[in-house]
Amino acid sequence: MALVISFATQTNSCQSYFHIHTLVEYWPECENLNPYLAAAILNIMSNNNSIHDFDINLIVEYYSGTERQGCGSPDVTLKALSFIDKLSPCSHIADIGCGTGGQTMVLASQFEGKITGVDLFPTFVDLFNKNAEQLNLQHRVKGIVGSMDNLLFENEKLDVIWCEGAIYNIGYEKGLREWRKFLKNDGFIVVSEASWLTDERPAEIEEFWMDAYPGIDTIPNKIAQMQKAGYSLVAFFVLPENCWTEHFYDPQAKPREDFLKKHAGNRAAEGFIENQRHEEQLYRKYNKYYGYAFYIGKKSDL
Ligand SMILES: C[S@@+](CC[C@H](N)C(=O)[O-])C[C@H]1O[C@@H](n2cnc3c(N)ncnc32)[C@H](O)[C@@H]1O
């Protein structure tokens, strides 16, 4: 096959946005796909152990060793949960892009109903289910493999759709619109999403984000998009800096060293860690201009 696939992934860590610098001759549409999905498809298309195969496995391996796969904290998860009323042990929450379940297990500590975690990567889902089992939550907290752009829930059955740091994979507006049908009429959506904290910002950080996730927007625009997608705004708040530092970047120091040791001499692994460090430096330099915000909405009439 005359395909020339030059594929390198880069994660912008809090986002874990797999920006695909992929040039696939004859398949330019690949760039518009969800990056994880594109990576998975490229894996299937290539029947040898080429770099893209390896990269996606490397990234999943790396994040399997970290408690969270994105920024957040138990405190902010519980704060967001506090805005949801009418939950009962009969309620059902779907946690989309759940990763290994850092936030899910926190939710389960305060909410007695059923939680279904959905993630694209079986390795994360296995760890999620092991974590649930260790906490003796397996009877009501279950991870399943699935894609957020093809969720298999029944319409109007969910009480809450939860999504921390993952909706960018489908796109904020698209996710809000497509997932709405799964919610009961009085259901809630809770998402955390990359947001500009100021109207203007230095070119370096603007360019970085436009490349990584052009869907980043100001908080008023994110709120307007939520309302337009058929939700009334219940609350929003910006995640404090410790969700990035103490709960996300700082705990990665050792996993990064271990990972580099294990994959010594591997350029893909070194490049990946270099990107992580670059993103962390940018966050520490420019965090007054951007961050993550929680947006909590209640399903409303369209
Ligand atoms: C930045 S991580 C956030 C994980 C977790 N919610 C947290 O805050 O620690 C994004 C997650 O989305 C998952 N993901 C990416 N594309 C997905 C898709 N199409 N469907 C479901 N999950 C997806 C990734 O595997 C990853 O676990």
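Biologist: How many helices and strands does the protein have?
Modeller: Helices (H or I, at least four residues) and strands (E, at least two) are DSSP runs, numbered from the N terminus. On that basis the protein has 11 helices and 12 strands. The model is a predicted one: local features need pLDDT of at least 70, side-chain atom pairs count only at pLDDT 80 or more, and totals for chains, interfaces and linings use all residues. Residues are numbered from 1 along each chain as its sequence is written.

Biologist: What percentage of the residues is buried?
Modeller: A residue is buried if 20 or more other C-beta atoms, placed from the backbone, lie within 10 Å of its own, exposed if 12 or fewer, and partly exposed in between. Of the 302 residues in the protein, 42% are buried.

Biologist: Which percentage of contacts joins residues at least 24 apart?
Modeller: Two residues are in contact if their C-beta atoms, placed from the backbone, lie within 7 Å. Among contacts between residues at least 6 apart in sequence, 73% join residues at least 24 apart. A separate example uses C-alpha atoms: those of Ala-268 and Asp-55 are separated by 6.6 Å, although the two residues are 213 apart along the chain. Ala-268 lies in helix α11, residues 267-286, and counts as partly exposed because it has 16 C-beta neighbours inside 10 Å.

Biologist: At what angle do α6 and α8 pack?
Modeller: Axes are lines fitted to C-alpha atoms, for helices over the stretch in contact, and angles run from 0 to 180 degrees between N-to-C directions. Helix α6 (residues 172-179) packs against helix α8 (residues 219-228) at about 25°, with the axes 9 Å apart. The pair is therefore roughly parallel; angles under 35 degrees count as such, over 145 as roughly antiparallel, 65 to 115 as roughly perpendicular and the rest as oblique. The crossing of α6 and α8 is right-handed. A crossing is right-handed if the near helix is turned clockwise from the far one by less than a right angle, and left-handed if anticlockwise.

Biologist: Which residues of α6 and α8 meet?
Modeller: Tyr-172, Glu-173 and Leu-176 in α6 meet Lys-222, Gln-225 and Met-226 in α8. This contact comprises 3 nonpolar, 1 polar and 2 charged residues. Ala, Val, Leu, Ile, Met, Phe, Trp, Tyr, Cys and Pro count as nonpolar, Asp, Glu, Lys and Arg as charged, and the others, Gly among them, as polar.

Biologist: How are α3 and α4 arranged?
Modeller: Their axes come within 9 Å and cross at roughly 50°, so α3 and α4 are oblique to each other. The contact is made by Pro-74, Thr-77, Leu-78 and Leu-81 of α3 and Gln-103, Val-106, Leu-107 and Gln-110 of α4. By class, the residues are 5 nonpolar, 3 polar and no charged.

Biologist: Which residues come nearest to the ligand?
Modeller: A residue is near a molecule if its C-beta atom, placed from the backbone, lies within 6 Å of it. Of the 26 residues around the ligand, Gly-70, Gly-97, Gly-99, Met-148 and Ala-166 come nearest. The elements giving two or more residues to this shell are α1 (35-45), α4 (102-110) and β6 (114-119). The shell has 9 nonpolar, 13 polar and 4 charged residues.
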